[in-house]
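Work through these exercises with the structure in view. Try each task before you read its solution.

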Amino acid sequence: MSSGSFSRVGVVGLGTMGAGIAEVLARGGVEVVGIEVDRQALDRGRGNLETSTGRAVKRGKLTEEGKQEILDRIALSTEFAALAECDLVIEAVPERLDLKRRVFEELDRVCRDDAVLATNTSSLSVTDIAVTTNRPAKIVGVHFFNPAPVMKLVEVIGTVLTEDGAAGRVANLVKSLGKTPVSIGDRAGFVANRLLFGYLNQAAGMLESGHATRDDIDAAMKAGGGLPMGPFTLMDLIGLDTCLEVLEAIYRESRDRRHAPSPLLRELVTAGLLGRKTGHGFYSYDTSAPAAEP
Ligand code: 3HC
């Protein structure tokens with residue numbers, strides 16, 4: 001499989017999204033350099049990669065040797081210097097502008113001048129990140145969906161400063177990985193989240209107002225809307241903190257009340273009930289504690 005004009009790609013941050021992106025790249029035959037902040041986080045990242053590829057082996061979709069080949073294609077390091085020979089780096093660190101800016105300043109310093117630098121942000125402005133570097137023409141957004149190994153869509157975001165070639169090369173890479181790229185300007189929520197999150201937020205509002213129960217709203221959208229998951233199962237998968245961040249970003253830009261975050265969502269986030277990743281969200285994934293339904 002050809003990976004377009006990128007042969008070595010860095011991924012910074014190996015949480016759920018970063019590890020998923022690294023796996024997708026390695027499956028596509030790309031040499032990957034995965035970076036985490038320290039040993040402990042790197043071990044967690046390695047665990048994420050093992051779990052996801054192990055799942056494919058268990059389901060008979062991948063042989064043990066195939067899994068090993070994929071993992072062997074991903075070099076892991078805690079040093080940004082390991083990215084020096086990458087021609088593309090995808091950043092997938094937590095959604096904090098100050099953190100992302102620091103990462104991009106560092107990438108700008110260590111990466112080759114012709115390297116393209118991409119952010120997997122779902123809610124921050126790509127332009128805000130681009131202007132912190134000395135190569136704004138080579139900064140793009142590349143927005144994967146969760147779970148990255150499964151979801152076909154990848155939004156490729158060019159800012160007013162991005163040169164055409166950079167976004168086009170990233171879109172070609174995405175295609176070569178068997179995904180569907182769509183090209184978008186730098187607007188909060190891009191396309192998919194802008195449409196999806198109005199619906200998710202409205203579901204939270206319906207639950208809060210007693211319109212219907214969590215289970216009935218989920219069942220309605222699954223059985224009647226033809227969706228693989230109802231809105232509460234999906235928000236728990238995405239992470240309620242991420243849902244809140246995305247809604248806040250879209251609301252800040254659009255002032256559209258459909259995106260004013262539901263108080264219930266905000267309350268769950270404040271309480272630390274963030275969905276599957278913490279074991280509790282709209283549902284409980286830990287049988288020893290009650291679910292968080294009001
Ligand atoms: N990682 C890797 N692979 C996974 C996975 C994961 N976390 N979860 C499921 N899979 C794979 C399975 O291995 C299986 O693969 P196979 O078909 O090759 O055997 C396939 O996905 C189906 O899995 P299951 O049969 O176990 O479960 P489901 O059929 O219920 O599918 C799902 C699970 C793919 C998560 C499906 O429910 C789904 O598509 N849900 C909607 C997800 C969605 O909408 N995501 C977008 C969220 S918005 C977003 O990410 C944007 C961000 O900015 C917030």
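Two residues are in contact if their C-beta atoms, placed from the backbone, lie within 7 Å. Helices (H or I, at least four residues) and strands (E, at least two) are DSSP runs, numbered from the N terminus. This is a predicted model: local features need pLDDT of at least 70, side-chain atom pairs count only at pLDDT 80 or more, and totals for chains, interfaces and linings use all residues. Residues are numbered from 1 along each chain as its sequence is written.

**Exercise 1.** Find the strands that helix H6 lies across.

Solution. Start at residues 164-176, which form H6. This helix lies across strand E5 (116-119), strand E6 (139-144), strand E7 (153-158) and E8. Now take the direction: H6 runs at about 170° to E7. Such axes are lines fitted to C-alpha atoms, for helices over the stretch in contact, and angles run from 0 to 180 degrees between N-to-C directions.

**Exercise 2.** Give the strand order of the open sheet and name its edges.

Solution. Strands pair if DSSP finds at least two bridges between them. The eight strands follow the order E3-E2-E1-E4-E5-E6-E7-E8, with mixed pairing. Strand E3 (74-77) and strand E8 (180-184) are the edges, each pairing on one side only. Next, look at E2 (residues 31-35): four bridges join E2 to E3, and the two run parallel. Val-33 has Ala-75 in E3 as its bridge partner.

**Exercise 3.** Describe how H10 and H11 cross.

Solution. The axes of helix H10 (residues 240-254) and helix H11 (residues 263-270) come within 9 Å and cross at roughly 130°. The two helices are therefore oblique to each other (under 35 degrees is roughly parallel, over 145 roughly antiparallel, 65 to 115 roughly perpendicular, and the rest oblique). Finally, list the contacts: Leu-240, Asp-241, Cys-243 and Leu-244 in H10 meet Leu-265, Arg-266, Leu-268 and Val-269 in H11.
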